[in-house]
Amino acid sequence: MSFKYKVLSIDGGGIRGMIPAKILAEIEKRTGKPICQLFDLIAGTSTGGILGLALSKPHPKNKTQPHYTANDIVDLYVNNGSEIFYESIINRYVKSDDFLYPKFPSKGRDRVLEEYLQDTLLKNALTNIFVTSYDIELRRPVFFINNPHRQKLGENFRQLCDGYTMKQAGMATSAAPTYFEPYKIDTIDKTDNGYYALIDGGVFANNPTNLAIMEALIASKQSGEVPLQLNEILVVSLGTGSLIRKYLYEDAKNWGLIKWVAPLINVVLDSGSESVACQLEQLLPVVDGYPQQYYRFQAPLSEANDDMDDATPRNIQELKNLGDLIIRHEDTALDKLCHLLTN
């Protein structure tokens with residue numbers, strides 16, 4: 001049996017995107033094909049969204065082929081992580097109260113995404129993409145997609161494509177609250193306020209796998225062709241490391257607003273990812289006699305720092321090591337998956 005539709009979903013997690021990047025590089029190595037040719041839809045939040053965008057960006061000299069391999073994105077984290085998460089001397093010492101400002105300026109992130117994504121339009125992506133963000137003025141989810149025919153200004157959401165760029169989607173989906181300022185972009189058709197004020201989609205979908213499945217089913221239903229059935233979709237979900245840091249009751253019981261800010265963001269993002277994973281394990285269980293439909297690659301951050309902004313050489317190496325560990329432990333599952341992806 002082969003699956004009619006193949007979905008890749010990548011969690012958010014800042015510099016911890018190194019982990020799914022390593023796994024994707026292994027999938028490319030085993031299949032001999034680029035990720036954008038193996039999946040019909042790539043969904044991502046934050047660092048996962050950037051990964052998906054970069055891997056579906058066409059090469060400027062050959063529009064039918066991707067510009068980057070997954071190994072290229074591994075190098076992005078190694079070579080540019082410290083620039084993205086660069087806390088200047090002014091940020092660190094001059095500000096009178098760190099809680100009043102974003103931790104990092106957006107300049108480094110903007111430069112890196114400009115280099116890698118340039119002015120590539122979303123509609124030119126080499127496969128379907130679905131990247132999450134959230135508008136803090138409209139109070140609605142905003143999704144970046146590649147199909148102009150499916151863009152929509154719905155009552156409760158926005159789905160954007162035509163005229164928007166991959167860089168804009170990457171900046172929006174990775175504008176994590178407290179770490180970076182919201183990302184402002186003008187609306188193409190001057191609707192709403194004339195602009196969007198966007199933050200990281202992790203605030204509601206750090207693991208966007210369930211949204212990706214729904215997007216595949218809805219798009220199929222609206223296409224006018226025979227609609228996809230859930231059992232016809234192969235689902236691959238990549239985590240960025242599950243968190244193991246404990247917040248002790250004796251400490252937390254006395255926390256107020258300020259002390260809860262950083263732990264709360266940490267807890268919300270991780271719990272959101274793991275709850276989606278838990279539900280999908282039950283919705284798409286392994287059944288004897290049928291090929292496995294749902295693959296989730298994830299492991300505890302036992303050695304690497306779980307801070308999404310720790311771009312030190314030591315931590316980057318620990319994240320690479322964890323990616324390699326997952327690959328070794330999931331060797332058989334990866335072989336089975338790669339067979340399904342190429343059939």
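Me: Why are helices α4 and α6 called roughly antiparallel?
Reply: In this predicted model, helix α4 (residues 70–84) and helix α6 (residues 107–117) pack at an angle of about 155°, with their axes 9 Å apart. Angles over 145 degrees count as roughly antiparallel, under 35 as roughly parallel, 65 to 115 as roughly perpendicular and the rest as oblique, so α4 and α6 are roughly antiparallel to each other.

Me: Which residues of α4 and α6 meet?
Reply: A contact means heavy atoms within 4.5 Å. On the α4 side there are Asp 72, Leu 76, Asn 80, Glu 83 and Ile 84, and they meet Gly 108, Arg 109, Arg 111, Val 112, Glu 115 and Tyr 116 in α6. These residues divide into 4 nonpolar, 2 polar and 5 charged.

Me: What makes Arg 30 and Asp 331 a salt bridge?
Reply: The rule asks for a side-chain nitrogen of Lys or Arg within 4 Å of a carboxyl oxygen of Asp or Glu. Here the N to O distance is 2.8 Å, and the pair is a salt bridge. Arg 30 lies in helix α1 and Asp 331 in helix α13, so the pair ties together parts that are 301 residues apart in sequence. By this rule the count comes to 18 salt bridges.

Me: Where does pLDDT stay under 50?
Reply: pLDDT, the predictor's confidence in each residue from 0 to 100, stays under 50 over residues 92–96. Where pLDDT is low, the predicted coordinates should not be read in detail. For the protein, the mean pLDDT is 92, and 96% of its residues reach 70 or more.

Me: What should I know about the numbering and the atoms used?
Reply: Residues are numbered from 1 along each chain as its sequence is written, and side-chain values use heavy atoms, leaving out hydrogens and water. Local features need pLDDT of at least 70, side-chain atom pairs count only at pLDDT 80 or more, and totals for chains, interfaces and linings use all residues.

Technical notes: Axes are lines fitted to C-alpha atoms, for helices over the stretch in contact, and angles run from 0 to 180 degrees between N-to-C directions. Helices (H or I, at least four residues) and strands (E, at least two) are DSSP runs, numbered from the N terminus. Ala, Val, Leu, Ile, Met, Phe, Trp, Tyr, Cys and Pro count as nonpolar, Asp, Glu, Lys and Arg as charged, and the others, Gly among them, as polar.
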